[in-house]
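Here are my notes on the model you sent over. Have a look at the structure first, then go through the points below.

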Amino acid sequence: MTADAAASESPLIVSRNNKGVVTLKLNRPRQYNALSTEMMSAMEEALGQIRHDQGVRAVVIEGSGRGFCAGHNLRELRSGGQEFLEQVFGQCSRLMKAITRLPQPVIAKVHGIATAAGCQLVATCDLAVAASDASFGTPGVNIGLFCSTPMVAISRNMPRKRAMEMLLLGETLDAETAASYGLVNIVVDPDELDEAVDQLCERIVAKSGLTLSIGKEAFYRQIDFSIDEAYSYASETMTRNMLARDAEEGIDAFLEKRDPTWEHR
């Protein structure tokens, strides 16, 4: 069997669950885990299953092989006309919104390259941990294709001047620069990447799952509201949160100087 044939028979997404943390590994290393229509469909299916699994407390997205994700499959994009392209970019937008709307926190675990829609994927995740040798970019402008859909997520993570710098120049950012721009939370040595992500997940899993889901939804809903709308919505959200069982338990535990026992309700 050839390498290409073997790859076509291997799963597009490798999923594993470790104590409530599900890792989704993009599994097309020869294509730098490009977001083909098949890859995006597999991602959507996996996220759909996770969404309704109350046992899943956090999600990690990583890439196999030498890089995280190189963006869309350019050969695939060139193979279709307007209708196909509309479907591809619509599917990508739907995938990114599914990550944002997932109740569980999602962490990008980045090594190697994360470019174009791969950089968009990093920006869309709630948190990002990168190896120091990772690189980020929106190089579409260099081949006559402005990274318009990646721009949506990137411009919501970075100051406008930095986002425009990335998009207009199409140059590569190293991990430390990406962190200083707000695209990445933590940069670690490559051999410390696994441990850093594991430790971050442990800290997340220690919280109330209900509280995190309420907070994540509220964060993304209010961020584009006017300040009056945001405070009105946030007040309603805090009232609802305060009446939840976990808030009662958390406050009681704080006052009684003990660790809380979460029921995630």
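1. Of the chain's 265 residues, 42% count as buried, meaning under 20% relative accessible area with a 1.4 Å probe, protein chains only. Keep in mind that this is a predicted model: local features need pLDDT of at least 70, side-chain atom pairs count only at pLDDT 80 or more, and totals for chains, interfaces and linings use all residues. Residues are numbered from 1 along each chain as its sequence is written, and side-chain values use heavy atoms, with hydrogens and water left out.

2. Secondary structure: the chain has twelve helices and nine strands, taken as DSSP runs (helices H or I, at least four residues; strands E, at least two). The chain is as compact as a globular protein of its length, because its radius of gyration is 19 Å, close to the 18 Å from the globule rule for 265 residues. That radius is taken over C-alpha atoms, and the rule is 2.2 Å times the number of residues to the power 0.38.

3. On contacts (heavy atoms within 4.5 Å): among those in the chain with a separation of 6 or more, 67% come from residues 24 or more positions apart.

4. At 8% relative accessibility, Cys-147 counts as buried.

Note on methods: Buried < 20%, exposed > 50% of the residue type's maximum accessible area, 1.4 Å probe, protein only.
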